[in-house]
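Please walk through this protein model with me, from the overall fold down to single side chains.

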Amino acid sequence: MKSKMQMIEEILKGKNIKLTKQRKAIVKVFLEHDEHFKPEEVYDLVKNQGIGLATVYRTIEILKINDIIEEITIGKDRYYELKLFSEKRMHIHFTCKKCNKIYDYDKTEMILDLIRLRNFTEKEYHVDVEDMKIVMKGICQNCRR
């Protein structure tokens, strides 16, 4: 059975993109953490391996273009999370305006509502919905205290 890293390497190889040592280190961040990262946060985790911020930005762009990671824009900030192996293909993001933490909500009832919304939109407007991003903003439970 192939590892996730091998599968990503094959995807990129099929597009004539080499998975260099630096790119592997960046991919590893997304594979090992179920979080949303700003590029600077990824850089903080890999800079001790001699990887520069520009390399992080370029690699993130390559991974995004090839549907390995997904970009979430909240205000003026961009966050990235693993998309390729995600079991939560449909989920809602909540971001706290005070601490900036991002939470994923993927309860079954919410997913069913999202599927109904997608189906309604496709039928009503004769379109094919390929992606949905819902971002809610507010104050999280910890910051409310």
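The paragraphs below go from the fold to the core, then to charged pairs and loops.

This is a predicted model, in which local features need pLDDT of at least 70 and side-chain atom pairs count only at pLDDT 80 or more, while totals for chains, interfaces and linings use all residues. Residues are numbered from 1 along each chain as its sequence is written, and side-chain values use heavy atoms, with hydrogens and water left out.

Start with the fold. The protein has 6 helices and 5 strands. Both are DSSP runs numbered from the N terminus: helices are H or I with at least four residues, strands are E with at least two. From the N terminus on, the order is α-α-α-α-β-β-β-β-α-β-α. The C-alpha trace spans about 45 × 45 × 30 Å along its principal axes.

How much of the chain is buried? Of the 145 residues, 32% count as buried. Buried means under 20% relative accessible area, exposed means over 50%, and partly exposed lies in between (1.4 Å probe, protein chains only). The protein exposes about 9900 Å², and carbon and sulfur atoms supply 49% of that area. Accessible areas come from the Shrake-Rupley method with a 1.4 Å probe; for residues, only the protein chains shown count as cover.

A contact means heavy atoms within 4.5 Å. Among contacts with a separation of 6 or more, 48% are between residues 24 or more positions apart.

Now look inside. The largest nonpolar core has 23 residues. Such a core is a set of buried Ala, Val, Leu, Ile, Met, Phe, Trp, Tyr and Cys residues joined through side-chain atoms within 4.5 Å. Leu12, Ile26, Phe30, Val42 and Ile69 touch the most other members. At least two residues each come from α1 (4-13), α2 (21-32), α3 (39-46), α4 (53-65) and β2 (77-82). Helix α2 gives the largest share of this core, 5 residues.

Isoleucine 69 deserves a look. What does it touch, leaving aside neighbours within four places in sequence? Its contacts are Phe30, Ile60, Leu63, Lys64, Tyr80, Glu81, Leu82 and Lys83.

Turn to the charged pairs. Side chains of opposite charge can pair when their charged atoms come close. Here a salt bridge is a side-chain nitrogen of Lys or Arg within 4 Å of a carboxyl oxygen of Asp or Glu. The count comes to 8 salt bridges.

Take lysine 83 and aspartate 67. Their closest N and O atoms are 3.3 Å apart. This pair links distant parts of the chain, 16 residues apart: lysine 83 sits in the loop between β2 and β3, aspartate 67 in the loop between α4 and β1 (69-74). Lysine 83 counts as buried because its relative accessible area is 16%. Aspartate 67, at 43%, is partly exposed.

In α2, lysine 28 and glutamate 32 lie 4 residues apart, about one turn of the helix. Their side chains meet in a salt bridge at 3.8 Å, N to O. Lysine 28 is partly exposed at 44% relative accessibility, whereas glutamate 32 is exposed at 54%. In α5, arginine 116 and aspartate 113 are 3 residues apart, so about one helical turn separates them. Their closest N and O atoms are 2.5 Å apart. Aspartate 113 is partly exposed, with a relative accessible area of 44%. Salt bridges with shared partners also join Glu61, Lys64 and Glu71 into one network.

Follow α5 to its end. This helix has 18 residues and reaches 26 Å from its first C-alpha to its last, close to the 26 Å expected at 1.5 Å a residue. The expected span is 1.5 Å times one less than the number of residues. Histidine 126 follows α5 and has a positive phi near 55°. This histidine lies in the loop between α5 (108-125) and β5 (134-138). Histidine 126 counts as exposed because its relative accessible area is 71%.

Valine 127 is in the loop between α5 and β5, and is partly exposed at 37%. With Phe120 and Tyr125, Val127 makes a nonpolar surface patch of about 320 Å². Patches are made of residues with over 30% relative accessible area and no salt bridge: nonpolar side chains (Val, Leu, Ile, Met, Phe, Trp, Tyr) are joined within 5 Å, like charges within 9 Å.

One further loop residue remains. Asparagine 100 has a positive phi, near 65°, though not a glycine. Its place is in the loop between β3 (92-96) and β4 (102-105). Asparagine 100 is partly exposed, at 41% relative accessibility.
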